[in-house]
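Biologist: Hi, I'm new to this one. Could you walk me through it?

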Amino acid sequence: MNAFDLALSRLRPRLPSPLEPVDDERFTRRGLRLLLKRDDLIHPDLPGNKWRKLALNLREAAGRPVLTFGGAYSNHLRATAAAGRLLGFPTVGVVRGGELADRPLNPSLARCAADGMRLLFVDRATYRAKNDPAVLARILERLPEDGYDGYDDVYAVPEGGSNALAVRGCAGLGGELRGAADVAAVACGTGGTLAGLAAGFDGRTLGVPVLKGGFLGGEITALQEAAYGGPRGEWSLDERFHGGGYARTTPELDAFARDFERRHGARHGLAIERLYVAKMLHGLVTLAEEGAFPSGTRIAAVITGAPEPRP
Ligand SMILES: *Cc1c(COP(=O)(O)O)cnc(C)c1O
């Protein structure tokens, strides 16, 4: 074990994450078994898929400053900032929305700042062009003069944390489900988690995109190409459950999440994260009611994260 792996293991991640059978009559009535894959319990500050996606990237960064990108409510920015505090490396967050620079930080960004992340707000056009090295260099010129001179050597992690190393990290999730489930369901933002999960799993992976657009299939294929040189695993997407797009919700979806918490929250110590997890569970219940799964199917619903802590 190298020094970095040792530091990571000292954070005592709960791996493999628990797999909990749920007694839900919407499934049992059809002979289906629902299991919750509790990635939300992996680590209090680096929950869910964020741990799996960051671990190999942080090892690769080897203590260099880690720079990454996200919107004002990005779970990935928060997880990266927390990792920097816990493991002792500098972090830089490039945040979409230049206008935010003049406003008080929202709770999510305040948490990032409290964890020592340097925040750089950029307008949307610059944000879109962030993968151009010249644009990134100009962004980095704005880093505060805080006496730290190691920023020439930053390790950049893409938006949402999805790259080849993230995909390989998420293959561990698929490995933990091997033999234990026939179907794994996961919510998708960038699709990095699904790309790895499907590669490591021996059953069928079902993705529920939370963004509108229908472009995700191509991105998942590209991520698997980058990580493995070709397609891996059996996976498909059901595009019906985004509820209007990223961070959008409907009264129906919110009622669904509250009902799910009422049924199972107390017994499982479960709060439903609304932007991703609620949409995936809603999709699964709908598919079960449509008769999409044959009797006897074991379905693992991946709880990829926990709700935002409220101040
Ligand atoms: C970030 C996040 C996702 C999206 O993961 P991708 O790898 O980008 O598809 C899903 N669920 C939760 C709770 C998240 O925070």
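This is a predicted model: local features need pLDDT of at least 70, side-chain atom pairs count only at pLDDT 80 or more; totals for chains, interfaces and linings use all residues.

Biologist: OK, and which residues come nearest to the ligand?

Modeller: There are 15 residues around the ligand, and the ones that come nearest are Lys50, Lys53, Thr190, Thr193 and Thr304.

Biologist: What does Asn49 do there, in terms of distance to a ligand oxygen?

Modeller: A polar side-chain atom of Asn49 lies 2.9 Å from an oxygen atom of the ligand. Backbone atoms take part as well: a polar one of Gly189 is 2.8 Å from a ligand oxygen, and for a polar one of Gly192 the distance to a ligand oxygen is 3.4 Å.

Biologist: How much of the ligand's accessible area does the protein cover?

Modeller: On its own the ligand has 390 Å² of accessible area, and the protein covers 96% of that.

Biologist: Which elements give two or more residues to that shell?

Modeller: Those are α3 (49–61) and α9 (192–200). Of the elements, α3 gives the most, with three residues.

Biologist: Switching to rings. How many aromatic pairs are there?

Modeller: The count comes to two aromatic pairs. One of them is Phe256 with Phe260: the ring centres are 6.1 Å apart and the planes stand at 40 degrees, so this pair is tilted.

Biologist: Why tilted, and not stacked or edge-to-face?

Modeller: Because stacked needs planes under 30 degrees apart and edge-to-face needs over 60, and the planes of Phe256 and Phe260 are at 40 degrees.

Biologist: Where do Phe256 and Phe260 lie?

Modeller: Both are in helix α11 (residues 251–268), four residues apart, which is about one turn of the helix.

Biologist: Buried or exposed, those two?

Modeller: Phe256 and Phe260 are both buried.

Biologist: And which ring does Lys50 lie over?

Modeller: Lys50 lies over the face of Tyr276, 5.9 Å from the ring centre. Elsewhere, Lys130 has its charged end over the ring of Phe69, at 5.9 Å from the centre of that ring.

Biologist: Last topic: where is the place of Thr221?

Modeller: Thr221 is in helix α10 (residues 216–228).

Biologist: What is the relative accessible area of Thr221?

Modeller: The value is 40%, so Thr221 counts as partly exposed.

Biologist: And what separates Thr221 from Glu261?

Modeller: Along the chain Thr221 and Glu261 are 40 residues apart, and their C-alpha atoms are separated by 34 Å.

Key: Residues are numbered from 1 along each chain as its sequence is written. Side-chain values use heavy atoms; hydrogens and water are left out. Rings of Phe, Tyr and Trp (its six-membered ring) pair if their centres lie within 6.5 Å; planes under 30 degrees apart count as stacked, over 60 as edge-to-face and the rest as tilted. Buried means under 20% relative accessible area, exposed over 50%, partly exposed in between (1.4 Å probe, protein chains only). A charge sits over a ring if NZ of Lys or CZ of Arg is within 6 Å of the ring centre and within 35 degrees of the ring normal. A residue is near a molecule or strand if one of its heavy atoms lies within 4 Å of it. A polar contact is a pair of N or O atoms within 3.5 Å; within protein, one must be able to donate a hydrogen and the other to accept it, and residues adjacent in sequence count only if both atoms are side-chain atoms. Accessible areas come from the Shrake-Rupley method with a 1.4 Å probe; for residues, only the protein chains shown count as cover.
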